Amino acid sequence: MKLDFARAALAAAAAGRSAAIATNLRSGLQTLVEGSDRTGDLALDQACLAAIEAAVRDDRSTTIDTAEGPVFIEVFNPSLRCLVVGAVHIAQPLAQMAALAGYAVTIIDPRSAFASEARFPGVSLSTEWPDDAFAVLRPDRRTAIVTLTHDPKIDDPALTAALRSDAFYIGALGSKKTHAARCRRLAEAGFGERDLARIHGPVGLDIGALSPAEIAVSILAQITATLRADRVKARAAA
Amino acid sequence: MDDRQQIVKQVEDWRAAGKGVALATVVTTWGSSPRPVGSKLAVAEGGAFVGSVSGGCIEGAVVQEALDAIRDGKPRLLDFGVTNEQAWEVGLACGGKVQVYVERVE
């Protein structure tokens with residue numbers, strides 16, 4: 001592989017764009033595809049370009065057969081993101097674990113005493129109110145959102161913005177009672193049952209988690225199960 | 001940083017230090033393979049490696065091929081599976097099959 005291609009593809013993904021590298025597995029010839037730009041010595045016909053487009057859309061690297069031999073299409077899509085609202089104790093292990101699992105993590109908390117560099121070294125922090133922060137961060141279908149403050153002043157605007165986004169996962173910390181009250185408030189604000197069903201509350205898989213790190217495990221496990229739901233389904237059907 | 005970003009970063013560091021590097025990538029899987037398509041293993045001259053293309057069953061063989069690729073510059077497409085002739089040495093205990101592409105980093 002040309003290191004320049006890998007660098008360019010990773011830079012595109014980091015900037016929120018998609019890219020792909022196509023490699024002929026017989027000749028080793030390679031082309032970088034970014035939008036309508038193509039760089040490299042592997043010629044790509046219409047069928048190849050269509051396969052690349054599909055692979056990028058499905059976020060799935062794959063090998064296709066061509067007359068000139070197998071071609072491996074490697075997809076470079078923007079990172080998965082995890083937006084955590086509430087710079088509380090649980091957010092500390094969650095930020096570390098989510099980063100290990102490959103998520104770009106941002107912690108959002110308007111209380112700057114909580115969202116401090118000292119408490120979250122090296123983690124991207126925002127001290128905006130969640131609705132303002134989300135307007136900039138623009139959560140998409142590769143984003144997980146977790147609210148941890150269980151303070152309606154902070155969580156409710158976050159959940160409102162989350163429900164208006166395509167985020168693949170929305171989770172909210174709080175007891176069953178807290179969650180029921182939260183759903184009532186959101187229903188009064190105009191959200192329907194199908195919207196509210198998108199919120200995982202109480203957050204996390206029920207594994208009896210007690211400590212902040214254990215709760216972070218249960219949350220990251222639930223995010224993973226949601227992200228990989230089609231794999232679980234395929235296995236159940238087999 | 002995800003696995004791939006970390007591996008490319010390591011490749012850059014090795015290259016900056018003047019070392020030859022090869023990259024092995026899982027390009028096809030059948031059945032229950034431990035690592036999905038796109039998983040990578042980077043190997044430097046001298047035998048240091050990061051990442052993985054299996055649960056550890058075939059890494060030894062892939063590192064050998066990668067070192068050869070660093071030397072001769074030729075890409076290689078390797079098949080591993082229980083039906084492989086080398087099954088006793090480098091077969092996949094899980095019963096899956098994988099195809100691994102090995103190329104020198106230019």
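Is Phe114(A) buried, partly exposed or exposed? Phe114(A) is partly exposed, because its relative accessible area is 31%, and buried would require a value under 20%. The model is predicted.

**Around Phe114(A)**

- Phe114(A) belongs to the loop that runs between β7 and β8 (124-126) of chain A.
- The charged end of Arg111(A) is placed over the ring of Phe114(A), at 4.0 Å from the ring centre.
- Setting aside neighbours within four places in sequence, Phe114(A) makes contact with Ala87(A), Val88(A), Asp109(A), Arg119(A) and Phe120(A).
- From Phe114(A) to Gly204(A) the C-alpha distance is 22 Å, and the two residues are 90 residues apart in sequence.
- Across all chains, a search of the whole structure gives zero aromatic pairs.

**Helix α1 of chain A**

- Helix α1 of chain A has twelve residues, 3-14, and should span 16 Å at 1.5 Å a residue. Its end C-alpha atoms are 16 Å apart, so the model agrees with that expectation.
- The buried residues in α1(A) are Leu3(A), Phe5(A), Ala6(A), Ala9(A), Leu10(A), Ala12(A) and Ala13(A).
- Within chain A, these buried residues pack against β1 (19-24), β2 (30-34), β3 (37-40) and β5 (69-76). They also pack against α1 (3-16) of chain B.

**Nonpolar cores**

- The largest nonpolar core holds 27 residues, and the members that touch the most others are Tyr103(A), Leu148(A), Ile219(A) and Ile223(A).
- At least two residues of this core come from each of β6 (81-85), α3 (91-100), β7 (104-108), β9 (143-147) and α8 (212-227) of chain A.
- Helix α8(A) gives the largest share of this core, five residues.
- Ile223(A) touches Cys82(A), Tyr103(A), Ala144(A), Val146(A), Phe168(A) and Tyr169(A), when residues up to four places away in sequence are not counted.
- A second, separate core has 21 residues; among them are Ala9(A), Val11(B), Ala42(B) and Ala44(B).

**Contact between chains A and B**

- On the chain A side 24 residues take part in the contact, and on the chain B side 23 residues do.
- The two chains bury about 1,700 Å² between them, and 58% of this lies on carbon and sulfur atoms.

**Backbone features in chain A**

- Gly201(A) and Pro202(A) are joined by a cis peptide bond, with omega about -10°. Pro202(A) is located in the loop between β11 (199-200) and α8 of chain A.
- Asp59(A) is a residue other than glycine with a positive phi, near 55°. Asp59(A) is placed in the loop between α2 (46-58) and β4 (62-66) of chain A.
- Asp59(A) counts as partly exposed because its relative accessibility is 36%.
- Arg138(A) is not a glycine either, yet has a positive phi of about 45°. The loop between α4 (130-137) and β9 of chain A contains Arg138(A).
- Arg138(A) has a relative accessible area of 61% and is therefore exposed, the cut-off being over 50%.

**Chain B**

- Chain B has three helices and five strands, arranged along the sequence as α-β-β-β-α-β-α-β.
- Of the 106 residues in chain B, 45% are buried.
- Among contacts in chain B with a separation of 6 or more, 50% are between residues 24 or more positions apart.
- Arg71(B) is part of helix α2 (residues 59-72) of chain B.
- Arg71(B) counts as exposed, because its relative accessibility is 63%.
- Arg71(B) and Val105(B) are 34 residues apart along the chain, with their C-alpha atoms separated by 11 Å.

How values were computed
Residues are numbered from 1 along each chain as its sequence is written. Chains are lettered from A and ligands numbered from 1 in the order in which they are written. This is a predicted model: local features need pLDDT of at least 70, side-chain atom pairs count only at pLDDT 80 or more; totals for chains, interfaces and linings use all residues. Side-chain values use heavy atoms; hydrogens and water are left out. Helices (H or I, at least four residues) and strands (E, at least two) are DSSP runs, numbered from the N terminus. The expected span of a helix is 1.5 Å times one less than its number of residues. Buried means under 20% relative accessible area, exposed over 50%, partly exposed in between (1.4 Å probe, protein chains only). Contact means heavy atoms within 4.5 Å. Rings of Phe, Tyr and Trp (its six-membered ring) pair if their centres lie within 6.5 Å; planes under 30 degrees apart count as stacked, over 60 as edge-to-face and the rest as tilted. A charge sits over a ring if NZ of Lys or CZ of Arg is within 6 Å of the ring centre and within 35 degrees of the ring normal. A nonpolar core is a set of buried Ala, Val, Leu, Ile, Met, Phe, Trp, Tyr and Cys residues joined through side-chain atoms within 4.5 Å. Buried area is the accessible area (1.4 Å probe) that two parts lose on being put together, summed over both.
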